[in-house]
Amino acid sequence: MLPHRNEFPDDFLFGTATSAYQIEGHAKGGAGRTHWDDFAATPGNVAGAENGAIACGHLDRWAEDLDLVQGAGFDVYRFSTSWARVLPEGRGTPNPKGLDFYDRLVDGMLERGIKPAATLYHWELPSPLADLGGWRNRDIANWFADFTEVIMSRIGDRLWSAAPINEPWCVSWLSHFEGHHAPGIRDIRATARAMHHVLLAHGRTTQVMRGLGMSNLGAVCNMEYATPVDHSPAAQRAARVQDAIYNRFFLSGITKGTYPTDVLEGIEPYLPQGWQDDFATITTSIDWIGVNYYTRKIHGPADDPSAPWPATHEHDGPLPKTAMGWEVFPEGLGHFLKMAATEYTGDLPIYVTENGMAGLVERKGDPTNDPDRISYLADHMHVVQNAIADGIPVKGYFTWSLLDNYEWALGYAPRFGLVHVDFETLTRTPKASYHALRKALTRP
């Protein structure tokens, strides 16, 4: 059973999250082309070659969606802005329709008593900037800062919080080393530069928002628990390297101005010249840290002993899995809340900015019957309660996601939503998990 709101501290905040390209409908409203449109148009990259052209139609249905946020009793709505909707060419002349949309959206939240939490970038890079090298190009830090100036000059005065970039690991490693997300590159030099430049852009954008008088600025990193496949030194090393790449590189850069040696071992020869000098910008102060958490992975050494760094291999795990094939491992969330506070962020507030699952039960019958999601959320919320009891400064918990949506390379098949979306009619129907959360969040 989901714990009730009154079992958390009085100032604890509950929220839900979405992202622009996954829900808005990118083909409408004057938005420019993104590298996700290009990636999806390339055969074999995305299931069914599906893209975000229509998505959930949120561009026209935003008021209905905000009513759903309010109706569930959420305090905060974490949304993202689309760079290409605001600046169709990535630079230059803004799109008035895009600015007007986010203006109305923020006002709509405030009218409903919802705190607006903005993420500036959730993976949809304008194609003209991808043509110039995208995250491989150091100039992207300034392009992103200019975009920030445009959008936050319009809405920044009314936001409860803001963060520059969602999940730097996905923007850099998943997209440039593993090639699973746009731009679909598999190149260690591109990866090293993207990993560094995404943090440089984070710092530059944070500086711009500070200059606009904004406050409550944070960083959102995704975490994935790394377990060795056995007790061998080789397996221990593989898990340590993956932990450093996935969980420590970005936190360490932002909070300490250093990169883990286990990562530098592989990428230092490919980092841009003078990279160490950028830490003065990268470590620009933040007010909170966001942890996105879903699962764990099991790692061992590469099958080929001559494999280049990182020379690791992922193994299937024995725990129950979601529709994404991800193991359900709530203990990992507790590990990262403690790790963040004790090793990196100290007394800074921590928010669980994403946590949720793609349901299995709802795929077998009634699409609104999702007891597995309710159980998943309850288990992770109990972990948050335990962390708070241990003195870790966790201040909020946000579920992913409000709506079933475009799940990137997997198209529209996985459903993470608290609300079912019929992608033919775009009709929204709250699931059992939505109703359970509404009951748990009802104020006494």
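Leucine 251 is buried in this predicted model, because its relative accessibility of 1% falls under the 20% cut-off. The residue sits in helix H10, which covers residues 233-256. Setting aside residues up to four places away in sequence, leucine 251 touches Cys221, Met223, Lys256, Ile289, Met339 and Tyr344.

Alanine 27 gives a contrasting case. Its relative accessible area is 62%, so alanine 27 counts as exposed, the cut-off being over 50%. Alanine 27 is placed in a loop that runs between helix H1 (20-23) and helix H2 (35-40).

The table sets out two pairs of residues, with distances taken from C-alpha to C-alpha.

| Pair | Separation in sequence | Distance in space |
|---|---|---|
| Alanine 27 and proline 164 | 137 residues | 24 Å |
| Leucine 251 and glycine 365 | 114 residues | 41 Å |

**Nonpolar cores**

In soluble globular proteins, nonpolar side chains tend to be buried together. The largest nonpolar core here holds 132 residues. Within that core, the members touching the most others are Phe79, Trp83, Trp135 and Met152. Tryptophan 135 has contacts with Tyr121, Leu125, Ile140, Ile165, Val171, His176, Arg193, Ala194, His197, Val198 and Ala201, leaving out its neighbours within four places in sequence. Another core lies apart from the largest one and has eight residues, including Val76, Ala117, Val220 and Trp288.

**The chain as a whole**

The chain contains 15 helices and eleven strands. Its radius of gyration is 20 Å, close to the 22 Å given by the globule rule for 444 residues, so the chain is as compact as a globular protein of that length. The C-alpha trace spans about 55 × 50 × 45 Å along its principal axes.

Of the 444 residues, 61% are buried. Among contacts with a separation of 6 or more, 76% are between residues 24 or more positions apart.

As for charge, the chain carries 38 positive and 54 negative side chains. The centres of these two sets are 2 Å apart.

Notes: Residues numbered from 1 in each chain as written. Predicted model: local features only at pLDDT ≥ 70, side-chain atom pairs only at ≥ 80, totals over all residues. Heavy atoms only, no water. Core = buried A, V, L, I, M, F, W, Y, C linked by side-chain atoms within 4.5 Å. Buried < 20%, exposed > 50% of the residue type's maximum accessible area, 1.4 Å probe, protein only. Contact = heavy atoms within 4.5 Å. Helix = DSSP H or I, 4+ residues; strand = E, 2+ residues; numbered from the N terminus. Rg over C-alpha atoms; globule rule 2.2 N^0.38 Å. Lys, Arg positive; Asp, Glu negative; His and termini not counted. Charge placed at Lys NZ, Arg CZ, Asp CG, Glu CD.
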